[in-house]
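Open the model in your viewer and keep the selection tool at hand.

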Amino acid sequence: MSQRTIPHALRLASSRTVTHRAIDSPCTRVLSRVPSKATPSLQSARSFSISLICAKKAGKANTKHAKSDSTPPVSPRNAAVTPTDEAYDVSVLEASILKAIEHLTHELSQLRAGGRLNPEIVESLKVQLGTARDGKQTVRLGDIAQVVPKGRLLNIMVGEKEYIKPITTAIASSNHNLSPQPPHPDTPLTIPVPIPPPTGESRQAALDAAQKAAEQADKSIQVARQTHHKKLRKFQLDRSVLPDDLQKAGKRMEEVVKKGHGEVKHIVDGAKRVLQSQ
């Protein structure tokens, strides 16, 4: 081997070594030693996850459930619901209050406002169809006719001529002081119903009805509160929830109830202003 060949080979080996070290980073060398997914040893390795560390609250019943001294407990996903979670949960209470407010809104919508009559009042009237021999059937007026308001007049548009008489009877016998008129020859399937102007007596009756509806809504909210309070009381007797958590859960309950009563007052006050202006 000549003198020129040996140094040239050494230079090639040296350049290859430098190139390999320059390309292979430390991370690459470490990863090259990690077994593949098919390697059995990887199945026993611990999985790594990142999670927040929550401060625990001292106690017997729910040491693992309370997040801190000033916040409600937070249970992990897919975990069993604890008594502490149930104490803080006010979803059933809120649903009951919402139902009471919806009923209140419906009751107020049935009252006259500004000398007008809500078409839904007439649509909700019950109409008797058929005869005693053929069989009677009770249907909702809005299911067999359309109520179209026009100024101080309600036009009851029916689809069948045989509905004229039973609908007229249902409107005249209602307690809304309405007097339906016979259909005009040009519109034989339309029953005109004049709306009488409001009087002092009818206005006061509407205001009394609004106040009564408000009292009923407040009563329903109080019943919902009593139900939730009984649940908290049970947790207290069972000692399944810490006293501090029970106190905070009770405070949350009172806040929800107070908000419900405030909403009732706001709705009824607005309705009374409209009724007084007619």
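Which residues are exposed on the other side of H4? This is a predicted model, and in it those residues are Val92 and Lys99.

**Stop one: helix H4**

Select residues 91-109, which make up H4. At 1.5 Å a residue, its 19 residues should span 27 Å, and the end C-alpha atoms are 27 Å apart, so expectation and model agree.

Now show the side chains of Leu93, Ile97, Ala100, Ile101, Leu104 and Leu108. These residues of H4 are buried. Turn the view to look down the axis of H4: the buried residues fall within an arc of 95 degrees, so they line one face of the helix. The general rule behind such a pattern is that an α-helix has 3.6 residues a turn, so residues three or four places apart point the same way.

**Stop two: the second largest pocket**

Move to the second largest pocket, with a volume of about 210 Å³. It is lined by 13 residues, and the closest to its centre are Gln128, Leu129, Gly130, Thr131 and Pro166. Select strand S1 (126-131) and helix H7 (164-172): these are the elements that give two or more residues to the lining. S1 supplies the largest share, six residues.

Finish by colouring the lining of this pocket by residue type. Five residues are nonpolar, four are polar and four are charged.

Technical notes:
Residues are numbered from 1 along each chain as its sequence is written. This is a predicted model: local features need pLDDT of at least 70, side-chain atom pairs count only at pLDDT 80 or more; totals for chains, interfaces and linings use all residues. Side-chain values use heavy atoms; hydrogens and water are left out. Helices (H or I, at least four residues) and strands (E, at least two) are DSSP runs, numbered from the N terminus. The expected span of a helix is 1.5 Å times one less than its number of residues. Buried means under 20% relative accessible area, exposed over 50%, partly exposed in between (1.4 Å probe, protein chains only). The arc is that of the directions from the helix axis to the C-beta atoms. On a 1 Å grid over the protein atoms alone, a cavity is a set of points where a 1.4 Å probe fits but cannot get out, and a pocket is an open set with protein on both sides within 12 Å along at least five of seven lines; lining residues have an atom within 4 Å of a point. Grid points are joined across faces, edges and corners, and a volume is the space filled by probe spheres set on the points. Ala, Val, Leu, Ile, Met, Phe, Trp, Tyr, Cys and Pro count as nonpolar, Asp, Glu, Lys and Arg as charged, and the others, Gly among them, as polar.
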